[in-house]
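Please keep the sequence and the structure in view while reading the points below.

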Amino acid sequence: YVDSWTTVLAESIQHLDLLSVTNSMSSDTPSISFTTQESGAGDSPASRTSPASDLNAMSSSGRAAIITSSVSQLSATQELNTIMEWIATLARSDSLVLKRSAARLIGVISLYTPPIVSKGLLFPLLRTLLDSPGRDVVGAAIESAASMVANLPLTIIQDEFWPKVLETFNGTNLLVIASSLRSIASICKTIREVEQKEAALHSASHVSNLTSGGSAGVSVSSLVSNPSVTSPHGSVSSNMGATNLGNSTTNTSSLIQSASKRSPGLDSKFWIQVMTPVFLKQCAYAKQKASLDQRTIDDDTYLFLEVVAEVFGELTYFLWGNLLTAQRKQVLKAYLTMTTCNGPLLRRNCAYNLPGIVYTAKIKYYSELCTACDSLAADGDEETRYLMSAGFHETLKTLIIAGKPDRLFSIYLTLLQDESSRVQ
């Protein structure tokens, strides 16, 4: 019930005009106070909203109406005040389930409010949740904190957020480690997308200069492609490896330098000396566990492997330039092991990340990459084959350069002759 209520509120927040709340705040501290009394673990703030007999069965707009209807007459500040009272009540509860709900909602509301709210209201509340004894609470808090990093002062990020994230990698709680990996990957994705947009604008400007000077016209779309496919998690997003940066190769050391500028509190030393060993350690563990029968491993390990497979493309792309040849082979072996394991969710994530892995590793590892293509194209799970097929045109762009079309044509025929029309 709490998870359903959290989903209701998270969707409702998107319909509120909370960005205008900045007009009624001072430049330093938000003028919002909490008057809600402490609630016990059994209290649910859902009693403040209209009841719903089956929240999961309702449409998104219908669920959103439950809460937005109750605050539709309030000003932006009053709306935020009401929501923050609910979240503060959840965070103060003795119930770890309610605390986790508060952590999730803080991450959502940070996306729809001005930076001053993250600094003055959200992170102070989230700070208490990062120290919670509940692993699910800490995991949710870390993921939420990652979404507001850009809006926090440098001192807070350096002194409070990153130490907490790095501390989790020294622990044994797989689910919290998974949350930290997902948070790091989220930051990497943000940096990558900014880089790609700037590269696209630079390419477009270059082409414009050529055409205006009388040179033969070149289509911008031939320089920058950005297809979208449906991820294994249901959302439609840009395929990680599908976007051309405007160059034939990726200068990862330059990417790390850019990351140092774009990610507050993180210098190149962090990415090279801290995150690279962490990534290699998780790759080794993932390879070991993925080689086992997935029906026999515990739930936490399987969920951890699922997250590793999910973020594998983003982290590989970002850290590849820091790796030695032996380390690169270690990373690819971990990926290949996950593509052939008997865990369908892992293989789906691997299929989704295939274009990014291929784009990053390039034809030097042609044989290993084609092995992954062969395996995923013939996978017993239709969704895995569909995800592989959806990005195969981008995979092909990179591998065809090797000048060995026979094997690639065989993979293409396998997909074309698939019994599923979606894969075809």
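A salt bridge is a side-chain nitrogen of Lys or Arg within 4 Å of a carboxyl oxygen of Asp or Glu. The side chains of arginine 407 and aspartate 374 meet in such a salt bridge, at 3.0 Å from N to O. This pair links distant parts of the chain, with arginine 407 in helix α18 (residues 405-416) and aspartate 374 in helix α15 (residues 366-377), 33 residues apart. The model is predicted: local features need pLDDT of at least 70, side-chain atom pairs count only at pLDDT 80 or more, and totals for chains, interfaces and linings use all residues. Residues are numbered from 1 along each chain as its sequence is written, and side-chain values use heavy atoms, with hydrogens and water left out.

**Overall architecture**

- The protein has 18 helices and 2 strands; helices (H or I, at least four residues) and strands (E, at least two) are DSSP runs, numbered from the N terminus.
- Buried residues make up 50% of the 424 residues, where buried means under 20% relative accessible area, exposed over 50%, and partly exposed in between (1.4 Å probe, protein chains only).
- Of the contacts between residues at least 6 apart in sequence, 73% join residues at least 24 apart; a contact means heavy atoms within 4.5 Å.
- The protein exposes about 19,000 Å², and carbon and sulfur atoms supply 51% of it; accessible areas come from the Shrake-Rupley method with a 1.4 Å probe, and for residues only the protein chains shown count as cover.

**Salt bridges**

- By the rule given above, the count comes to 10 salt bridges.
- Arginine 182 forms one with glutamate 310, their closest N and O atoms being 2.7 Å apart.
- Arginine 182 lies in helix α8 (residues 174-212) and glutamate 310 in helix α12 (residues 299-319), so this pair ties together parts that are 128 residues apart in sequence.
- Arginine 182 is partly exposed at 29% relative accessible area, and glutamate 310 is partly exposed at 22%.
- Aspartate 293 and arginine 295 also meet through their side chains in a salt bridge (2.9 Å, N to O); aspartate 293 is partly exposed at 28%, whereas arginine 295 is exposed at 70%.
- Salt bridges that share partners join Glu143, Arg182 and Glu310 into one network.

**Surface patches**

- Patches are made of residues with over 30% relative accessible area and no salt bridge: like charges are joined within 9 Å, and nonpolar side chains (Val, Leu, Ile, Met, Phe, Trp, Tyr) within 5 Å.
- Lys and Arg count as positive and Asp and Glu as negative, while His and the chain ends are not counted; the place of a charge is taken as NZ of Lys, CZ of Arg, CG of Asp or CD of Glu.
- Lys287, Lys329, Lys333 and Lys364 gather in a patch of positive charge on the surface.
- Ile363, Ile400 and Ile401 make a nonpolar surface patch of about 260 Å².
- Isoleucine 401 sits in the loop between α17 (392-399) and α18 and is exposed at 60%.

**A buried position**

- Leucine 346 belongs to helix α14 (residues 344-361) and is buried, with a relative accessible area of 0%.
- Residues that leucine 346 touches, not counting those up to four places away in sequence, include Gln294, Tyr302, Leu305 and Met338.
- The C-alpha atoms of leucine 346 and glutamine 294 are separated by 10.0 Å, although the two residues are 52 apart along the chain.
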